[in-house]
Amino acid sequence: MTIEQIWNDIQTTAVLGTERQPVSVPQCDGPLGNLLTQIESPSQEKILLSSATALFLYRKAGQLPAQDSELSITPCDLDDLPVCGERPSQYLMAMLNGQRAEFLTEWLEASAKSGKRAPDIALPQLLDLTKSKPDLRDAIIPVLGKRGQWLASQNPDWCFTNREDDQSLWQTGNRQARMELLTRLRKTNPASARELLLSTWAEETPDDRASFLDTFEAGLSLEDEPLLEEALDDRRKEVRRVAAELLSSLTGSQLTKRMLERVEPLLDFSPGQKGGLFSVNRGPKLNVKMPAECTKEMIRDGIEPKPIPGTGEKSWWLQQMIGAIDPNYWCEKWNTTPSELLDPIRKSEWKVPVMEGWTQAAMRYKNAEWAEALVIARLSDKPRSDQRMIMDIIPPDRREKLVQANLPSDFGLALLYQC
């Protein structure tokens, strides 16, 4: 008797009832027959149910899964990021399960900064968060690794990296959705963000061009320079301003080279020399000249011709130009340190434009050495409104030593409140 015949007999008996049709243990060969012969019970119903259960499990045990000949999934590439350690993984899982969840953003940022990815077991929960908490998406994406990106592409609910979706959202989404898309792509794929903006640049409103261009601060590189140079000729001042600011922050850009060509003839540093037995001791000196005019080319590169109240025109122009140049250039040019350059300018009549320009450059290029030197050079000055931004550039250990060294002074107390 075949398995199908046995199963049909069991079904027939179950329908008719054991009172109308007597139950007998099915007979067959092989392992199934050996199993069925072990069924013993005075109850007809138990024999029927036990036989049905044994036969059902026997049929399921040998069943092959269905196959889809059209299904084709490309395997995930090997991850290029190392997974975080056991202890960080435990902390992450605890936060994902509701314990100390307020520290999740800090964990994500620290992991991304160290170049580590989240453990594989955490990927589904992290991907769920990209939908339920969109504000965490930008922090989550860098720690997913290639496996997380691959996993996201397999689930429509997680698929936030699909190129076609990006194109569709950019063409049909509202202003906020498009801004969020550009902001995310500039952190994960700057080239894609640039291509999207280029595709509609001519049709965008001036306000949108300026806002969208502002997202280029993330992932900024020389590959963005052609678009930014084009934006310098935009009809709207807001667009030109954003483009000039970005190009001024981009080391090696044509704008910074043009600024350097204008400023270099205006500054000259003499290291000084120690006097001998019959000679005078001469300290370092920074000679400063003022620009003769503010040309159209300077205005195109972001120089604002009208000075702020209390500042002379030429000083204002010089300050802005110095602020667009990487301050390390001057140290390399004259083989000196920031402190040695700042010392002679502190008592100079050109203190304001030069020191303000270098302060702007230090913050723009996030130069910790220059920031610290500028803070020390201003110990005798009144606390500044931008002091917090300057202090944030200095590493915490150096910042603490700086405050401790100057704590007895009023300026030291002001520094303390900025840490």
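These notebook entries record what I looked up in a predicted model.

**Conventions.** I number residues from 1 along each chain as its sequence is written. The model is predicted, so I note that local features need pLDDT of at least 70, that side-chain atom pairs count only at pLDDT 80 or more, and that totals for chains, interfaces and linings use all residues; side-chain values use heavy atoms, with hydrogens and water left out.

**Entry 1, the chain.** I find 24 helices and two strands, taken as DSSP runs numbered from the N terminus (helices H or I, at least four residues; strands E, at least two). Of the 419 residues, 39% are buried, that is, under 20% relative accessible area, where over 50% is exposed and in between is partly exposed (1.4 Å probe, protein chains only). I also looked up contacts, meaning heavy atoms within 4.5 Å. Among those between residues at least 6 apart in sequence, 61% join residues at least 24 apart.

I record five aromatic pairs in the structure. Rings of Phe, Tyr and Trp (its six-membered ring) pair if their centres lie within 6.5 Å; planes under 30 degrees apart are stacked, over 60 edge-to-face, and the rest tilted. Trp170 is buried at 1% relative accessibility, and Phe212 is buried at 0%.

A second tilted pair is formed by Phe269 and Trp334, with 5.7 Å centre to centre and 40 degrees between the planes. I place Phe269 in strand E1 (residues 267-270) and Trp334 in helix H18 (residues 328-334), 65 residues apart. Both Phe269 and Trp334 are buried. Together with Tyr329 and Trp330, they form one aromatic cluster.

My criterion is NZ of Lys or CZ of Arg within 6 Å of the ring centre and within 35 degrees of the ring normal. Arg178 lies over the face of Trp170, at 3.9 Å from the ring centre. The charged end of Arg209 sits over the ring of Trp201, 5.7 Å from its centre.

Is Arg364 buried or exposed? With a relative accessible area of 14%, Arg364 is buried. I locate Arg364 in helix H20 (residues 351-364). Its side chain reaches the backbone oxygen of Gly323 at 2.7 Å. Not counting residues up to four places away in sequence, Arg364 touches Glu245, Ser248, Ser249, Gly323 and Ala324.

Methods:
Polar contact = N/O pair within 3.5 Å; in protein donor to acceptor, adjacent residues only side chain to side chain.
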